[in-house]
Amino acid sequence: ISMPPGSAKSTYGSHLFPAWYMGRHPNNKYIQAGHTQDFVEKEFGLRVKNIIESPEYQDVFPGVEISSSSKASGAWNLKSTRGRYIAKGVGQGISGYRGNIAGIDDPYAKRSDAESPAMRKGVFDWFMSDLLPRLLPRSPIIIIATRWHPLDLCGVLEDRTKKGIGK
């Protein structure tokens, strides 16, 4: 999902969608990523957790609840299921976690990061070597971003998709 800032990409794709997904698939594991650990925990993990804890959500998905032992905004489990949500900043290790689905929202904090060849390489290397191996077979990935450079993560993945991902 690539649109300009202020287009409600995060609201729909990284707040509401993960909550809906967890309600529909309470045994699945959701990995959410963003440019920094603090950003992804506060902007996504906490908001999704608050949605699931709301009375309105419980009306739609009764019994899908956050475990009382899950206090962190960036890592929590669903009560009575195997469902789990983990939030990680780009560059953070994901070892020990598996995912049925992954979302990446704003892999670059600012335009200058996307314009930096070193930052672009770091984001792509993290995507290929840390995130992808953590996903279970046939797991979808949702990337939400403002396009700031033709060779940002979206651009490189689009190019590789045209050529075949392994090439």
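In this predicted model, isoleucine 31 has alanine 102 as its bridge partner in strand β4, and alanine 102 in turn has isoleucine 141 as its bridge partner in β5. Strands here are DSSP runs of E of at least two residues, and helices are DSSP runs of H or I of at least four residues, both numbered from the N terminus; two strands pair if DSSP finds at least two bridges between them. Residues are numbered from 1 along each chain as its sequence is written. Because the model is predicted, local features need pLDDT of at least 70 and side-chain atom pairs count only at pLDDT 80 or more, while totals for chains, interfaces and linings use all residues, and side-chain values use heavy atoms, with hydrogens and water left out.

The strands form an open sheet of 5 with the order β2-β3-β1-β4-β5 and mixed pairing. β2 (75-77) and β5 (141-144) stand at the edges with a single partner strand each, so one side of each is left without a neighbour in the sheet. Neighbouring strands are turned by 15 degrees against each other on average, direction ignored, where axes are lines fitted to C-alpha atoms, for helices over the stretch in contact, and angles run from 0 to 180 degrees between N-to-C directions.

| Strand pair | Sense | Bridges |
|---|---|---|
| β1 and β3 | parallel | 6 bridges |
| β1 and β4 | parallel | 5 bridges |
| β4 and β5 | parallel | 4 bridges |

Within β1 (residues 29-34), tyrosine 30 stands opposite isoleucine 101 in β4 and has tyrosine 85 as its bridge partner in β3, whereas glycine 34 stands opposite aspartate 105 in β4. Of the 6 residues of β1, 5 are buried, buried meaning under 20% relative accessible area, exposed over 50% and partly exposed in between, with a 1.4 Å probe and protein chains only. In β4, 5 of 5 residues are buried, and both faces are covered, with Ile101, Gly103 and Asp105 on one side and Ala102 and Ile104 on the other.

Glutamine 32, which lies in β1, is buried with a relative accessible area of 1%. Its side chain reaches the backbone oxygen of glycine 103 at 3.2 Å. Leaving aside neighbours within four places in sequence, glutamine 32 is in contact (heavy atoms within 4.5 Å) with residues including Ser14, Pro18, Val40, Phe44, Tyr85 and Gly103.

Helix α2 (residues 37-52) packs on the sheet, where it touches β1, β2, β3 (84-89) and β4, and its direction makes about 160 degrees with that of β3. In α2, Phe39, Val40, Phe44, Gly45, Val48, Lys49 and Ile52 are buried, and the buried residues of this helix pack against α1 (9-24), β1, α3 (55-60), β2, β3 and β4. A kink of about 25 degrees is centred on glycine 45, the bend at a residue being the angle between axes fitted to the seven residues ending there and the seven starting there. At 1.5 Å a residue, the 16 residues of α2 should span 22 Å, and the end C-alpha atoms are 21 Å apart, which agrees; the expected span is 1.5 Å times one less than the number of residues.

Notes. Polar contact = N/O pair within 3.5 Å; in protein donor to acceptor, adjacent residues only side chain to side chain.
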